[in-house]
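Student: Could you take me through one part of this structure slowly? I would like to see how it connects to its surroundings.

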Amino acid sequence: MKVAFLYNFAAYTEWPDQHIQNLNLCIYDEDPFGEHLQHIQQKKINNDEIVIRHVKNIGDLTNCQMIFITRSAIGDLDHVINLLNEKPILTVADTPGTASRGIVLNMTVKEGKVTFEANIAKAKKSGLKLSSQLLRFASEIYQ
């Protein structure tokens, strides 16, 4: 289910004018999705093909348009947020409390359903526009 959310997060996010041919979705540190990511590999969003990249080096994160920060990398969260500060990169996690710390979208599971929190203040600082169609499903919005 979370992989479908990643796709929809990308589909309902508008990046500032960038001339890219691929939307690099980076999984930072250990991949919790496994083969499920294949379902969105090479799908397109606004003519940009989704390319899945597995990243272990924090310095390589600036080559991504969207980053899923895994639970195994949460110890680096402050460094990641500082590195990506005001860059047009959509950050996503699934760890409690990360939206209030600067992650743009944070998924949670409540009563067996995936929900998410949105930090629209951080999105705006990064030059990203989150669709109102996406935000209406957010369980909490940080402004």
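Tutor: Let's start with helix H2, which supplies 3 residues to the lining of the largest cavity, the largest share of that lining. This is a predicted model, in which local features need pLDDT of at least 70 and side-chain atom pairs count only at pLDDT 80 or more, while totals for chains, interfaces and linings use all residues. Residues are numbered from 1 along each chain as its sequence is written, and side-chain values use heavy atoms, with hydrogens and water left out.

H2 spans residues 77-84, and its buried residues are Leu-77, Val-80, Ile-81 and Leu-84. These four cover an arc of only 95 degrees around the axis, which puts them on the same side of H2. Here, buried means under 20% relative accessible area and exposed means over 50%, with partly exposed in between (1.4 Å probe, protein chains only). The arc is taken from the directions that run from the helix axis to the C-beta atoms. Helices (H or I, at least four residues) and strands (E, at least two) are DSSP runs, numbered from the N terminus.

The buried residues of H2, for their part, are covered by several elements, including strand S2 (22-28), strand S5 (66-69) and strand S6 (90-93). Helix H3 (98-101) and helix H4 (120-125) are also among the parts that cover them.

Next comes the cavity itself. Rolling a probe the size of a water molecule over the atoms shows where empty space is left. On a 1 Å grid over the protein atoms alone, a cavity is a set of points where a 1.4 Å probe fits but cannot get out, and lining residues have an atom within 4 Å of a point. The count comes to 1 cavity of 30 Å³ or more, and the largest cavity has a volume of about 60 Å³. That volume is the space filled by probe spheres set on the points, which are joined across faces, edges and corners.

Among the residues that line the largest cavity are Val-80, Ile-81 and Leu-84, along with Asn-85, Lys-87, Ile-89, Lys-122 and Ser-126. By class, the lining has 5 nonpolar, 4 polar and 2 charged residues.

Past the end of H2, the chain reaches Glu-86, whose phi is positive, near 65 degrees. Glu-86 is also one of the residues that Ser-126 touches, together with Lys-87 and Pro-88, when residues up to four places away in sequence are not counted. Contact here means heavy atoms within 4.5 Å. Ser-126 sits in the loop between H4 and strand S9 (129-130), and at 4% relative accessibility it counts as buried.

Thr-95 lies in the loop between S6 and H3 and is buried, with a relative accessible area of 12%. Leaving out residues up to four places away in sequence, Thr-95 touches Arg-71, Ile-74, Asn-106 and Met-107.

A disulfide is a covalent bond between the sulfur atoms of two cysteines. The structure holds 1 disulfide, counted as a pair of cysteine sulfur atoms within 2.5 Å. This disulfide joins Cys-26 to Cys-64, with an S to S distance of 2.0 Å. Cys-26 lies in S2 and Cys-64 in the loop between strand S4 (48-55) and S5, so the pair ties together parts that are 38 residues apart in sequence. Both Cys-26 and Cys-64 are buried, and with -95 degrees about the S-S bond, their link is left-handed.

Val-55 brings us to a residue in contact with both of these cysteines. It belongs to strand S4, and at 6% relative accessibility Val-55 counts as buried. Beyond its neighbours within four places in sequence, Val-55 is in contact with Cys-26, Ile-27, Tyr-28, Asp-29, Asp-60, Leu-61 and Cys-64.

Definitions and conventions: On a 1 Å grid over the protein atoms alone, a cavity is a set of points where a 1.4 Å probe fits but cannot get out, and a pocket is an open set with protein on both sides within 12 Å along at least five of seven lines; lining residues have an atom within 4 Å of a point. Ala, Val, Leu, Ile, Met, Phe, Trp, Tyr, Cys and Pro count as nonpolar, Asp, Glu, Lys and Arg as charged, and the others, Gly among them, as polar.
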